[in-house]
Amino acid sequence: MNILETRHIVKQYAEHRALDDVSLVVPKGSIFGLLGPNGAGKTSLIRIINQITAPDEGEVILLGERLNPDHIRHIGYLPEERGLYKKMKVGEQLLYLAQLKGLSEKEAMEKLKIWFVKFDIKTWWNKHIEDLSKGMQQKVQFVATVMHEPDLIILDEPFSGFDPINANLIKDEILELRDKGSTIIFSTHRMESVEELCDHIALINRSHKVLDGPKRAIKEQFKTHTYHVEYQGTLSDLPSAFTVLSTRPIDDGFLRADIQIPPDAAVNDLIRHLIDRVAVRSFGENIPSMNDIFIKAVGATNE
Amino acid sequence: MNTIFLIIKREYLVRVRKRSFVIMTILGPLLIFAFYAVIGWAAISSINQKKVAVIDESGRFANQFKDTKETTYSYLKQPLAQAKKQFAKSGYDALVFIPTDVIEQPKTVQIFAEKSVSIELQNNIERAISKEIETIKLNQAGITRKIIEDAKVNVDAQTFSLRETGEQNSSAIATSIIGYVCAFLIYISVFIYGTQVMRGVMEEKTNRIVEVIISSVKPFQLMMGKIIGVALVGLTQFMLWILLTVGLFTIGGQVFGDKVERGRAAMQTSAAAGQGAAVAPDPEVRQAQQGVMNNVVRAIETLNIPLIVACFLFYFLGGYLLYSALFGAIGAAVDNETETQQFMFPITIPIIGAIAVAQFVIREPDGALAFWTSMIPFTSPVIMMVRVPFGVPGWELALSMFLLAIGFAGTTWLAARIYRVGILMYGKKVTYKELSKWVFYKA
């Protein structure tokens, strides 16, 4: 089941078309990576989903319905540019934001208590935001994003500004929220966190969607049928179907070779030929990294 | 609707709890009170009794000097030289010497004192002597003082305004003052609270919290919530000022008794009469001022106070709404305080102009200038308040209010369109051309 669908979204700003016919499907319970270079249109799309702006064409379907004001409390949004009222106290501020999302004061209070215990920030309740460090403010903002238990959580660069320990804490929270049934849309430039967390991705470049689907399928699509082998000995006269792309020495007299096979060839044949010729230490497929895919896909559409 | 209420509540509480708000609210009336108290004290200290010794060699002035609250007179029978010697120990504040030939040579009167003599005392003595000499000379000429008194006519013109309701006593001075004070309060509060709205919007924009907020509420709700919240802060401040001022003067009045009242009355009348002096030394002048004061009180009684208060509230709110929307739009359009200047300038011209024009309107509250400037929504909050105490035809008032309502609906619409684009636009130097484009963006 899909929690969110965007259908043929177009957004035009004066002379600049920020989004052009963007259709996406976000499955429920997924961690969905929304990728793209700077200025590709990610933020425009996120703002449309948050009803901050409206699309010029197309429609957004959330939880099976056309996007409407009742959806506000089902979405939690952490913008890339963080901000809180500096002169307000932490507790007061979070209560206010929760109530804007439609929670009653009592509900908000109960939910906040849980988060304050969880993040061990009970002593912060009466502190002013301006007295907190940047990392502490980020934590407060994260709580503000998720405290109303939204079905859809949109995080724009959630890890920027966090030290590794807190980043890990947030990462665990994201996974826990997913396990509890929330769906997370995750917009970032950091491919290692996409690699780690996302199960679905979409790539937007120059206002167009260039790629989307389950991460595994995309990797499958981008794989080059290349394998690597670490071995000792001399690797020569392989059948011509197998192309040795490169060979380089590694440690202790071992060498590493990257070998490409035809799409229809069996990997076992390659292994058999290798065993006959060299002493194999390790063997594996070169699966493209998200980084490779990003660069390749963006590069292809820019040409 | 619930969310806009939440926003209003936050905007209101955040400002009302601020230390600066509390200080201003308490300090305002205290300053006014202190101002009056100082003048009150001055009035009280000036009526310390002075003892004056009189050596009357002519023998014509026995009992001509009347003791007053300020001064007591006693007559000495000793020669001047002796009195002068003993003066330091005698306890008198001043010594008056009237020579025998005073009637022929009035300039020979001398006043001695340890320190210099106050002008007030000198005036009193001079007046008593000259009056007596006058009487003597008149008597010699066969004219009694009574004839003179009868011949003196005190012209004190009272102004009347003619209306269907009949003749009403009015004092142009009181009416002008009330009108101008109301207009000035509106002018000041538009600036103070309009700037607060602008700062608030800018704070949200530069803090980047705005994106979080408008993912929960509509930009229009956020803007209106802020404008209404600040309006309530303004009303609260006015109410507290009025209550505290009245309270302070009630308490102060009881503590200082009628002395302060006298000082205050003197001060008010002198101010009303357009004189700088706080203390009225001359009994006649004081009497005249008392007359003005009575006129003022009478005039105030005949003014339609409920109408003025109602108009004040309407024009305060209307003017504030009209301008604060524009101030809010500026806050949304710019990235920092320095950029606000170029946009503030054209917006503030009409209201500054209005307060300048107000001085001409006071002189001619029914002229063409007054009429047109009290119809234009950008100037009407100030100008109409100047005119209202003088009496304005019902249809003019209704039309002006209607136009003001349209005016602030218009500026709010315009501001909202600039606002919703501006708050999400960072790091862009905004021009008027850019702003006009924003107005026509689709949401």
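Which residues in H14(B) are buried? In this predicted model, Ser380(B), Pro381(B), Val382(B), Ile383(B), Met384(B), Met385(B), Val386(B) and Arg387(B) are buried in H14(B), where buried denotes under 20% relative accessible area, exposed over 50%, and partly exposed the range in between, with a 1.4 Å probe and protein chains only. Helix H14 spans residues 380-387 of chain B, and because eight of its eight residues are buried, the helix is largely enclosed by the rest of the structure.

The conventions are as follows. Residues are numbered from 1 along each chain as its sequence is written, and chains are lettered from A and ligands numbered from 1 in the order in which they are written.

Of the 303 residues of chain A, 49% count as buried. The accessible surface of the chain comes to about 14,000 Å², with 50% belonging to carbon and sulfur atoms, as computed by the Shrake-Rupley method with a 1.4 Å probe; for residues, only the protein chains shown count as cover.

Chain A is divided into domain 1 (2-218) and domain 2 (224-286), with bounds taken from an automatic or database domain assignment. The C-alpha centres of these two domains lie 44 Å apart. Separately, an unreviewed UniProt entry places the feature "domain: ABC transporter" at residues 4-231 of chain A; such annotations may be inferred rather than shown by experiment, their positions follow the numbering used here, and feature names are shortened. The span 4-231 of chain A is 34% helix and 30% strand, and its end C-alpha atoms lie 48 Å apart.

Glu105(A) is partly exposed, with a relative accessible area of 45%. Not counting residues up to four places away in sequence, Glu105(A) touches Leu95(A) and Gln99(A), a contact being heavy atoms within 4.5 Å. The C-alpha atoms of Glu105(A) and Leu95(A), ten residues apart along the chain, are separated by 6.8 Å.

Definitions and conventions. This is a predicted model: local features need pLDDT of at least 70, side-chain atom pairs count only at pLDDT 80 or more; totals for chains, interfaces and linings use all residues. Side-chain values use heavy atoms; hydrogens and water are left out. Helices (H or I, at least four residues) and strands (E, at least two) are DSSP runs, numbered from the N terminus.
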